[in-house]
Amino acid sequence: MSRSVREKTESKYEQRWAMQQAATTAFLFVLLVLLLSGCGGQARDRHEPVPVRPKLALPQLRYTIQAGAFKNIDNAVRLTEKLLARRLVAYHFIDESGFYKVRIGNFSSREEAVAKADGLKSARIIEEYFIIAPGDYAAARQEGATAGQLRKEIVRTAERFIGVPYKWGGESTVSGFDCSGLTMVVYQLNGLELPRTSGDQWAVGRPVNERELSQGDLLFFATRGGNKVSHVGIYLGGDNFLHAPGRGNTIQVASLSSDYFRSRYLGARSYL
C-alpha cells in the first residue's frame with residue numbers, strides 16, 4: 001500500500017472514531033440531565049428552598065350564613081343569643097369596617113345554608129343575609145401559600161378585636177366573651193373549625209416548644225390553680241399575646257413574661 005493511500009485510510013478511521021466519541025459524549029450528557037431532573041422534568045437546584053405549605057390540623061369550614069351589620073355590639077349579642085336559643089352555632093365579630101356582624105352554622109352545602117337562612121328570615125330572626133362559601137376563607141384561599149402568610153392573617157384578624165368589650169352572649173352570658181370564645185372566632189373567621197372550649201383547643205393542637213412559637217399559635221394557662229387549662233390567648237409574636245381577660249375588661253394584648261402569666265403558663269399548641 002502506498003503512503004498516500006495509507007494516510008487516507010488512517011484519516012477515515014480517525015474521523016469515524018471522533019464521530020463515535022462525540023455521539024457517546026452527547027448521550028452521556030442527555031442521560032445526566034434526565035437523572036438530575038427526573039422523568040421528563042426540569043433540572044432543579046438541589047439547594048432551592050421549598051415553600052412550607054400549611055398542614056392544617058383542623059377541619060375547614062364549609063358554608064356559613066352571615067347576617068346583621070351593627071354599630072352597637074349589644075345588638076349583635078342579642079341576635080347571637082336568639083340564635084343560640086334555637087340551638088344553632090352562632091357567634092358575633094367585628095369586621096374591618098368596624099361593624100359587628102353574626103355568623104351562623106357550618107353547612108355541608110349552599111342549598112342547606114340558604115334553606116336555613118330563609119327559615120330564619122321568615123321567622124324574623126334575621127333580615128338580609130349572604131352565604132360565606134368555603135373558598136372565601138383565608139385557609140382555603142391560601143392553600144398554595146406559605147404557612148407564614150396564613151398565620152399573619154390569623155394575627156391580623158385577632159388584632160381587630162383589641163379594645164372590643166368583653167361580651168359573648170347566650171350560654172356564655174355569665175362568663176362573657178370568654179377567652180376560648182375569642183380564639184374560636186378568630187380561627188373560624190379564617191375558615192378553621194377550632195373547638196369551643198379551651199380544654200378541647202388544648203387537646204386537638206400540636207405541642208410547641210416556647211422557643212419555636214409562631215404567630216397564631218395558642219398559649220394556655222392555669223389561672224385557677226393546679227395544672228388544668230382555664231385560659232387561652234393568641235400569640236402575636238415577640239413576647240406578646242392577645243386575650244379576653246375577664247368581665248369588665250376589653251380584649252387586650254398582654255406579655256408572656258409578666259409575673260402573673262409566666263407563673264401560670266402551661267404550654268402552647270399549633271394548628272398549622
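Because the model is predicted, local features are reported only at pLDDT of at least 70 and side-chain atom pairs only at pLDDT 80 or more, whereas totals for chains, interfaces and linings use all residues. Residues are numbered from 1 along each chain as its sequence is written, and side-chain values use heavy atoms, with hydrogens and water left out.

An open sheet of four strands has the order S2-S3-S1-S4 with antiparallel pairing, where strands are DSSP runs of E of at least two residues and helices are runs of H or I of at least four, both numbered from the N terminus, and where two strands pair if DSSP finds at least two bridges between them. Strand S2 (90-94) and strand S4 (129-132) stand at the edges with a single partner strand each, so one side of each is left without a neighbour in the sheet. Neighbouring strands of this sheet are turned by 30 degrees against each other on average, direction ignored; axes here are lines fitted to C-alpha atoms, for helices over the stretch in contact, and angles run from 0 to 180 degrees between N-to-C directions.

Strand S2 is joined to strand S3 (residues 100-107) by five bridges, the two running antiparallel, and Ala90 stands opposite Ile104 in S3. The hairpin of S2 and S3 has five residues between the strands, and in this hairpin Gly98 takes a positive phi near 95 degrees. Five of the five residues of S2 are buried, so that the strand is mostly covered, where buried means under 20% relative accessible area, exposed over 50% and partly exposed in between, for a 1.4 Å probe and protein chains only. Ala90, His92 and Ile94 point one way from S2, whereas Tyr91 and Phe93 point the other way, and all are buried.

Helix H3 (residues 110-122) lies across strand S1 (63-70), S3 and S4, and runs at about 160 degrees to S4. Helix H6 lies across S2 and S3, running at about 80 degrees to S2. Eleven of the eleven residues of H6 are buried, among them Cys179, Met184, Tyr187 and Leu189. H6 is followed by Gly191, whose phi is positive, near 90 degrees.

Helix H5 (residues 147-159) has 13 residues, which at 1.5 Å a residue should span 18 Å, and its end C-alpha atoms are 19 Å apart, which agrees; the expected span is 1.5 Å times one less than the number of residues. The buried residues of H5 are Ala147, Leu150, Arg151, Glu153, Ile154, Val155, Thr157 and Ala158. Their cover includes helix H4 (138-141), helix H6 (179-189), strand S7 (231-237), strand S8 (240-243) and strand S10 (265-270), contact being defined as heavy atoms within 4.5 Å.

A search of the whole structure finds eight aromatic pairs. The ring centres of Tyr91 and Phe93 are 6.3 Å apart and their planes stand at 50 degrees, so this pair is tilted; rings of Phe, Tyr and Trp (its six-membered ring) pair if their centres lie within 6.5 Å, with planes under 30 degrees apart counted as stacked, over 60 as edge-to-face and the rest as tilted. Both residues are buried, Tyr91 with a relative accessible area of 3% and Phe93 with one of 2%. Elsewhere, ring pairs link Phe221, Phe241, Tyr260, Phe261 and Tyr265 into a cluster. Charged side chains also lie over ring faces: Lys71 over Phe99, at 4.9 Å from the ring centre, and Arg269 over Trp202, at 3.6 Å from the ring centre, the criterion being that NZ of Lys or CZ of Arg is within 6 Å of the ring centre and within 35 degrees of the ring normal.

Positive phi values also occur in residues other than glycine, including Arg87, at about 60 degrees, and Arg124, near 60 degrees. Arg87 is found in the loop between helix H2 (73-85) and S2 and is exposed, with a relative accessible area of 80%. Arg124 is found in the loop between H3 and S4 and is likewise exposed, with a relative accessible area of 76%. Tyr271, by contrast, lies in the segment after S10 and counts as buried at 1% relative accessibility. Tyr271 and Pro207 are 64 residues apart in sequence and 9.3 Å apart in space, C-alpha to C-alpha.
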